[in-house]
Amino acid sequence: MAHFKEVSQQSGLHPKPAGLVLQYGTAGFRTNANQLDHIMFRMGLLATLRSKKTKATIGVMVTASHNPEEDNGVKLIDPMGEMLTSSWEGYGTQLANTEQEELLTTLKDIVEKEAIDMSHEANVFVGKDTRSSSASLSQAVLDGIKALGGHSKDYGLVTTPQLHYMVCCQNTQGKYGDATLEGYYSKLSQAFSQLAKNASNRTDDQKHLRVDGANGIGAIKVRELESHLKKDLQLSIFNDGSRGKLNHQCGADFVKVQQKLPIGIKINPGDRCCSFDGDADRIVYYYTDSKGHFHLLDGDKIATLISSFLKELLNEAGLDLKIAVVQTAYANGSSTYYLENTMKVIVRCTKTGVKHLHHAAQEFDIGVYFEANGHGTVLFSRGAEGKIQQLAADTNINDERKKAAFLLQNTINIINQTVGDAISDMLLIEAILAIKGMTVQQWDTIYSDLPNRQLKVKVSDRRVIETTDAERRAVTPAGLQDAIDDLVKKYKQARSFVRPSGTEDVVRVYAEADTQENADALAHEVSLAVYGLAGGVGDEPKPLQ
Ligand code: 16G
Ligand code: MG
């Protein structure tokens with residue numbers, strides 16, 4: 001096969017450092033950028049095979065999200081804009097780790113196993129974030145695609161969710177939208193301005209939002225969006241990449257983990273702010289009060305705001321659709337309690353990682369999913385969309401139902417259903433707050449978060465910890481779960497779990513309790529149990545100050 005010869009020649013230009021082993025993890029490959037050139041070339045090959053197999057366009061995004069600037073990474077996007085199916089992640093790992101001389105054999109094995117018709121055309125969309133390493137690494141992806149005879153379209157600088165969107169648009173022949181940035185901005189901004197028409201008498205202050213762009217791609221793209229928004233929303237963009245370093249003391253991950261303001265943002269008490277992460281697929285909101293205290297509105301608060309808005313609209317529209325909220329074990333206990341007992345919506349808990357939440361959300365008419373860290377979106381089943389469109393087109397219904405149907409229709413259009421999208425989520429949240437005439441403080445008081453703490457413990461092999469029940473209970477090592485259960489019993493409103501990280505070589509510990517002191521103490525005690533029972537290395541965990 002001519003193409004295999006080409007691969008053989010070209011792969012020599014992207015050699016694999018002998019012995020280097022990397023894994024296609026929760027969100028693709030992610031590590032120091034200087035170890036990734038061969039991975040990129042090979043992911044270009046894999047995407048081409050995946051495209052031939054699915055007979056559809058596949059996406060490849062070069063980014064390391066919220067990781068430091070020195071890192072980079074790559075993830076593949078499947079035909080409907082969702083993450084690469086898990087059955088192919090193994091091929092990613094195989095291709096990444098096969099030594100140079102075995103590359104063709106590994107490639108041919110995949111072709112054979114998947115019965116891929118190599119004569120079929122392949123189409124791959126490629127995007128990258130603003131890291132200095134992204135340009136040459138995305139070129140390596142393009143080289144891989146070309147070597148296997150695939151066609152590529154290089155979108156250049158885009159957010160991760162924008163590339164997911166393009167792939168979905170392409171494979172739905174434009175039904176989801178135009179596969180261009182212009183198409184993306186106009187679909188979202190038109191939906192926003194339709195929704196904003198239903199907000200009454202907003203002052204300039206209420207229309208004003210401060211955005212921390214994490215010095216990344218999100219800052220550039222939200223500025224491009226701005227010109228489409230007219231006067232409906234006024235943005236002040238901080239950490240726009242003109243000076244500071246990517247994700248350094250800023251961005252959604254920093255704000256969520258540190259529970260404090262990002263560097264370089266100027267705010268007055270009560271001002272509404274949000275932060276994106278480095279590839280703009282996460283968003284968190286926050287404000288400071290008159291005493292200068294910081295208040296975070298994370299993915300759980302966002303899910304609550306969105307799902308209560310949707311539930312009200314469904315009631316007003318008289319539509320009987322099943323709505324559910326999907327969370328992970330990290331969801332604050334107060335949010336779960338509020339959703340189940342006050343709002344009375346179905347709540348599901350899945351393992352950490354977007355693909356798990358996404359799949360669970362697909363089981364409902366309307367599935368709202370958010371990780372506490374701010375990654376999330378809303379999925380509407382085809383049936384639900386159909387019923388909403390039908391109602392919106394019905395001329396024989398009263399004004400209240402008509403208005404609710406119109407709002408639901410535009411809500412569908414403002415949402416990027418392929419994956420969590422900071423820009424799209426931001427527009428939806430802004431529209432909901434505007435329609436409800438709600439301040440960020442009023443949104444914050446829907447429920448109060450239980451104090452919580454997250455810690456990391458280093459162990460010699462984090463795989464000794466196996467979990468069950470959506471990561472809420474540890475099955476191994478023996479005795480660990482019993483120890484956690486005993487510790488939790490000592491505190492009020494307490495909950496704790498441990499899980500091996502999918503992105504870092506650590507075990508993560510989460511604890512919540514009635515007070516911050518108790519949450520801190522419980523997290524520390526559980527860390528000690530992990531250290532003692534799961535092969536802790538280095539110094540024993542110290543109590544928090
Ligand atoms: C990845 C996941 C994110 C998850 C995080 C957990 C995607 C696109 N991203 O960033 O959803 O919250 O990993 O990291 O799936 P951890 O396993 O290190 O705690
Ligand atoms: Mg991200």
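Mentor: Start with the term. Donors are N, O and S atoms within 2.8 Å of the metal (3.2 Å for Na, K and Ca), and water is not among the atoms, so sites may look incomplete. This is a predicted model, where local features need pLDDT of at least 70, side-chain atom pairs count only at pLDDT 80 or more, and totals for chains, interfaces and linings use all residues. Residues are numbered from 1 along each chain as its sequence is written, chains are lettered from A and ligands numbered from 1 in the order in which they are written, and side-chain values use heavy atoms, with hydrogens and water left out.

Now the site. Ser65 (OG), Asp277 (OD), Asp279 (OD) and Asp281 (OD) coordinate the magnesium ion (ligand 2), at 2.0 to 2.2 Å. Their spacing in sequence is S-x211-D-x1-D-x1-D. Serine 65 sits in the loop between strand E2 (58-62) and strand E3 (71-77), and aspartate 281 in the loop between strand E8 (273-276) and strand E9 (283-288), so this pair ties together parts 216 residues apart in sequence. Helices (H or I, at least four residues) and strands (E, at least two) are DSSP runs, numbered from the N terminus. Serine 65 and aspartate 281 are both buried. Buried means under 20% relative accessible area, exposed over 50%, partly exposed in between (1.4 Å probe, protein chains only).

Next, the backbone. Alanine 470 is not a glycine, yet has a positive phi of about 55 degrees. Alanine 470 lies in the loop between strand E16 (466-468) and E17. At 16% relative accessibility, alanine 470 is buried. The loop between strand E17 (473-476) and helix H18 (480-489) holds proline 477. The peptide bond from threonine 476 to proline 477 is cis, with omega near -5 degrees.
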